[in-house]
Amino acid sequence: MNILRRGPPTLDAERENFEKFQTTSIHKAINTVECAAKEKHIRNTILGTHQEKGAQTFWHVVRRLPLSSESIVGWKFCHVLHKLLREGHPNVIRDSIKYRQQLKDLARNWGHTPHGYGKLIGCYLKCLLDRMEFHKKYESFPGNLSISEDDLEKIGQNDVNAFFELSVDILDGIDWLMELQQKIFSTLDMSRAVSLTGPGQCRLSPCILVILDSSQLYDYVVKLLFKLHTCLPPDTLSGHRERFKNCHTKLKKFYYICSNLQYFKKLIQVPQMHETVPDFLIAYDGSHELGPVRVLPEETDRSASPEPPPVANLIDTNFDDLFGSTDETFNFNGVQQPDPRDQEIQMLRSEIERLKAEIELMQNEHSEEVRRLLDRIHSLERELDESRVIASNTHDDLIKLRRQVCEAEQQAETAVKAQSLMLDIEKRAQGSEDMYRKLKEKHMSLVKDHADLLRKNADTKRQAETLQQSAGEVQDERSKLLAEINKLRLQLNESELTNEENKRKQKELKAKLLALAAEEAHEIIQVAVDSLDDESNSSRTCSAESLMHIATKATEALNKMEIDLNKFTQKDDISGLLRSISSFGHWMAETIENGGATCNMAPDQQGTALETACRSCGKESLTFLGIVKHETKHANGTKTKDKLTELLSTAQELLPKMADVRGGDLHDMVEQEMASTSKAIEQAAQRIEALLNEARQRDSGVNLEVNERILDSCTELMEFIRVLIMASKELQREIVSQGRGASSSKEFYMKNSRWTEGLISAAKAVGFGATMLTDAADLVIQGDGKFEELMVCSHEIAASTAQLVAASRVKANRGSERLTKLQSASRNVNGATARVVASTNAGRRQLDESSESLSDLTNAVTLTQIKRREMDSRVKVLELEQALEVERRKLGTLKKKHYELAGVKEEDENEVNQPEQQGAGDNQNNNNINSNNGKPPKPIIAWKPQILPKPELS
């Protein structure tokens, strides 16, 4: 009897089952659900890399995932890639380094998204790229960063420079990890139990790998810094110590936060940092190492593998069911159904391979941990031996010191006895000498006293005789002096009466002058308050910036007035008070009138609020001046200050969008933007030159000719753009010097903020267009870009330069030579742009002609094949036309939205400028022209309202 059997499964079938299983695991691990990735799916992916000896299947699958559009998928991809770099096969690092450029592009794409997972993904990808660069530079470091001290010594090759550079790279890696965890925790609300929610665990799951990496890198950098401090002076490593201190502080805070979250308590044993930073100036004792971090096993039960279906009989003897009940001849060469036993065998083999890979991974992990512990034991034993040797040497030194101390004590006792005898003898001799000296001094003093007494007795006798003679003369002089004193007292009384009268008159005069000054300020402010109700002032306008400037001057005048009031009450000094009252009245009146002018430009609600604030300010000022006039000592300007503050806050709300940037900031912004645009053009030109050199080294034939033509035209365009930027700078300086008059350039930019905004926007557009053109040229040369992108960038540069010329031409004189130079440079840029487009079209046609010929389509084909190709071409044409129509509609929608947004901004600016234009024909314009002696008048929005002249004090 013949028995039908199938052979063992082929390698293709095994490979297909492996890829299918890996694809399923990767898709389950990297999905769009906002929760932490399942560890079993990541584990299956890791085992697949060990089974495959690389990560080709992983990258083949993830390249088809929506990494650039789905934020959750991108975040989980970064987590799984980090896991594979740590625990996957060693070849995973080598295979992943090939995709560095794609990862950089993905990081740049997500880096422009400031909300959600965008900034997290960008930071995570930069951290992984730094990790790949580290492994590429130090190939001896495995993915899990576990390395012995001997291997660490081999990496440095006993070279201080190598250890120095390695410590810097490790500190850079720690900084990237700390930046990643800071961004993760900055997106979480720590006041809630975020670690128990799915979205919170989705963001916190990579922190486990951050803890593992940072703890190992911290131990390595501690060892390296102790080693470097034994070889180099401390001053050289001051920067290393400062960076290590910052890393220590960040790690300590990070581990403290993680140890308090419930999510990490079940997954990992968070290490405990020392409170103090290691002192690298002492010997290394190993007490500051964190040691290996233990990952806790998962509590979830693994689902049992499905049991294979039962196999009934190994041999099927029912030939009717097997071959059919008809009498037709059976064909033994036909296709047979798969045997369930083969599937079971294949399943068991796959399970065996997976278990072998898992066992190998566990052995590697445990062996690494055991090796580290053994290294630690050996280092401690060496330190113990060194400590014993030091202890024995110290004991010998102690015995010698004790012997020397005993000898020194004996010598000291002998010297003390001899010294005590000498001291007794010296004390006795000194006592005798002191007694003799005292007796001699006493005798000499007695002799001198006796001689002095004799001389004083003779002098006293002579003085007594002289005094008796002068007593009569003194009596006569005393009578004369008394008469003069009486006369002076009378004169003093008369002068005191005169001074009191003068003081009274002076006080009355000061009170009168103070009242007149207060009355003058009162009248000026009252006129300003009344002008708010005058309908003839409805056409007057004033900007919020000017109003705030005038209100600030009024506040300063009020502060000066309070200071002078204090001087008047304390020192009775009225000179400064009169000037400050006059200044306060004029500035307050100017503030109220300009506030009314600003109300004419403001919306209804804000204009009403500003008018109310102006009236309140005027009313409080009048009250304050009345108190100054009648009760000067009780005057207090606090309420007036409060009203001025309210007026300033109301005017602050009326500032336009560009008013948030001060005139000085606008000037700096214009200079910075023009400088950055020039720098971008220089960098683009250098980059195009580098691309041309690379193309000459890499390409040949038609490709080299096309690339050289395109890059030469781009280089020419960059040179003309550079000339255009220089001409624009010169014209801008001429405009500022001619237009600002006696004011500064900062005030000129503040007055012309709208023109300045257009100039900044045009400069940004030119720099952006040059950068985009360089990027497009790079992609075209490499074969990854499109010629259409290069043409669009050229047209965009032409439009940007036209915008820059238009923005510069608005304020320039028509007969300016620099304007002519700028227009000539603009025409050169347009011509260079056209040449870039022409060279691009010519290169594309040349490449198409060299790649394939249309004549090949008609050779060696039949009529049916030609008809089929014709139908395919028509289908392709219809599809392209449909796609073209869709893209045109999109472009129209974008332009419409752009015009709507630009129109809203234009309407806002026209609403501000319309009242200014209406008031341009008033008499006030003529007055300003006359007051400026024929000079061009200021814009209406910058005019100051008319203030009544100061009355003369009588």
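Author: Helices (H or I, at least four residues) and strands (E, at least two) are DSSP runs, numbered from the N terminus. Just after helix H8, Gln157 takes a positive phi of about 55 degrees. The model is predicted, with local features needing pLDDT of at least 70 and side-chain atom pairs counting only at pLDDT 80 or more, while totals for chains, interfaces and linings use all residues. Residues are numbered from 1 along each chain as its sequence is written, and side-chain values use heavy atoms, leaving out hydrogens and water.

Reader: How many helices and strands does the protein chain have?
Author: The protein chain has 27 helices and 0 strands. Of its 954 residues, 36% are buried, a word that stands for under 20% relative accessible area, whereas exposed stands for over 50% and partly exposed for values in between (1.4 Å probe, protein chains only).

Reader: Why is Leu374 called partly exposed?
Author: Leu374 has a relative accessibility of 43%. Leu374 lies in helix H15 (residues 340-531), and together with Val370 and Ile377 makes a nonpolar surface patch of about 250 Å².

Reader: How do you know that the buried residues of H8 line one face of the helix?
Author: In H8 (residues 149-156), the buried residues are Leu152, Ile155 and Gly156. Seen down the axis of H8, they fall within an arc of 95 degrees, so they line one face; the arc is that of the directions from the helix axis to the C-beta atoms. Asp150 and Lys154, on the other side of H8, are exposed.

Reader: What do the buried residues of H8 pack against?
Author: They pack against helix H9 (160-186) and helix H11 (206-231), where contact means heavy atoms within 4.5 Å.

Reader: What makes the span of helix H6 agree with expectation?
Author: The expected span is 1.5 Å times one less than the number of residues. For the 12 residues of H6 (residues 100-111) this gives 16 Å, and the end C-alpha atoms are 16 Å apart, so the two agree.

Reader: Which residues of H6 are buried, and why are they placed on the same side?
Author: Leu103, Leu106, Ala107 and Trp110 are buried in H6. These residues cover an arc of only 100 degrees around the axis, which puts them on the same side of H6. Their cover includes helix H3 (56-62), helix H4 (71-87) and helix H7 (118-137).

Methods:
Patches are made of residues with over 30% relative accessible area and no salt bridge: like charges are joined within 9 Å, nonpolar side chains (Val, Leu, Ile, Met, Phe, Trp, Tyr) within 5 Å. Accessible areas come from the Shrake-Rupley method with a 1.4 Å probe; for residues, only the protein chains shown count as cover. A salt bridge is a side-chain nitrogen of Lys or Arg within 4 Å of a carboxyl oxygen of Asp or Glu.
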